[in-house]
Amino acid sequence: MTSAIRARQEATAISPEPSGRVRINFYRRHRARIRGTLTFLWLILFWEVAARYGVRDERILAPFSKVLTALVNLFVTGEVWKHLCVSGYEFTVGFLLASLVGVTVGFLMGTVKVVRDYLDPWISGLYSAPLVALAPFFIMFFGVGIASKAALVFSVAVFPVIVNTFTGVHSVDPGMIEVARSFHASRLQILFKVLVPFSLSYIVTGLRLAVGRGLTGVVVGEFFFANAGLGFLVALAGQTFNTPLLFAGILVFAVAGVALIGGLKRLEKRLAPWRTLQQEG
């Protein structure tokens, strides 16, 4: 009798899962990606129909098929790689500096009251200020090279990181800090064992916001006295009313933003897997 029960359990364990249940589980695991892809496809269809049968003026709205053709030509001819390298380098330098300074200043504001009292009014004012308007100033100060564009990216990207890092550190439950102190934890142990893990999701959110602002800073910076870069390509296409090329350049920026934000989401899942479990729960 016991051997028969074991045989039935083994057969159940190795029996394949029904195909319908497999499809349902696959949809649940990738539900967000499937919905996002469907939304993108519907948008493309609406764009194509509206451009061909609604607007009918390519100077205003080019069909997505022609935008895709212009994008493919950029990659086939290899022209896009030069612009990608220039814009990518400018963004990387400015974004990395903004991330380092933003996280450091955010933790200082969240843990040292004197620093918070001095910097909070400035951070609040500069965070809401249209700093992209300072592009001509950065060009006059740093020159027309890469430094001025990286400085502009830094100026517009650093404040979301500061504000979100400070919010994360300031939102830590004081009871958690008291518990750590009761176990004779040092300041560094409290920082790396309590404050950093708790505020990690806030920091990643700030970095995600900084990505969008940084890409905007690259575009605006390359509008002024640039001879290469995706922003220069977009500006040149706009001046010559080459709408397909203009939208192709914007599409490259959009794809880069999606890829960077997706990478930050994966980084958060690796560094703070408990946040993913809380969101799924």
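**View 1. Ile-146 sits in helix H8.** Helices here are DSSP runs (H or I, at least four residues), and strands are runs of E of at least two, numbered from the N terminus. This is a predicted model, where local features need pLDDT of at least 70, side-chain atom pairs count only at pLDDT 80 or more, and totals for chains, interfaces and linings use all residues. Residues are numbered from 1 along each chain as its sequence is written, and side-chain values use heavy atoms, with hydrogens and water left out. With a relative accessible area of 35%, Ile-146 counts as partly exposed; buried means under 20%, exposed over 50%, and partly exposed in between (1.4 Å probe, protein chains only). Leaving out residues up to four places away in sequence, Ile-146 touches Tyr-89 and Glu-90, where a contact means heavy atoms within 4.5 Å. Ala-226 is 80 residues away along the chain, yet its C-alpha atom is 9.2 Å from that of Ile-146.

**View 2. Ala-147 is also part of helix H8.** Its relative accessibility is 42%, so Ala-147 is called partly exposed. Look for Gly-94 too: 53 residues separate it from Ala-147 in sequence, but C-alpha to C-alpha the two are 8.8 Å apart.

**View 3. Helix H3 covers residues 31-55.** At 1.5 Å a residue, its 25 residues should span 36 Å, and the end C-alpha atoms are 34 Å apart, which agrees. (The expected span is 1.5 Å times one less than the number of residues.) Ile-44, Trp-47, Glu-48 and Ala-51 are the buried ones to pick out in H3. An α-helix has 3.6 residues a turn, so residues three or four places apart point the same way. Among the elements covering the buried residues of H3 are helix H4 (64-77) and helix H12 (243-271).

View 4. Helices H5 (79-111), H8 (146-170), H9 (174-182) and H10 (187-222) each give two or more residues to its lining. H5 gives the most, with six residues. The lining has 18 residues, and Thr-111, Arg-181, Arg-187, Ile-190 and Leu-195 lie nearest the centre of the pocket. A pocket is an open set of points on a 1 Å grid over the protein atoms alone, where a 1.4 Å probe fits, with protein on both sides within 12 Å along at least five of seven lines; lining residues have an atom within 4 Å of a point.

**View 5. Leu-195 belongs to the largest nonpolar core.** Of the 56 core residues, Phe-91, Ile-162 and Leu-195 touch the most other members. H10 supplies the largest share of this core, twelve residues. The core is a set of buried Ala, Val, Leu, Ile, Met, Phe, Trp, Tyr and Cys residues joined through side-chain atoms within 4.5 Å. Beyond its neighbours within four places in sequence, Leu-195 is in contact with Phe-107, Thr-111, Val-169, Val-172, Ile-177 and Ile-190.

**View 6. Phe-241 lies in the loop between helix H11 (230-239) and H12.** Its phi is positive, near 55 degrees, in a residue other than glycine. At 60% relative accessibility, Phe-241 counts as exposed.
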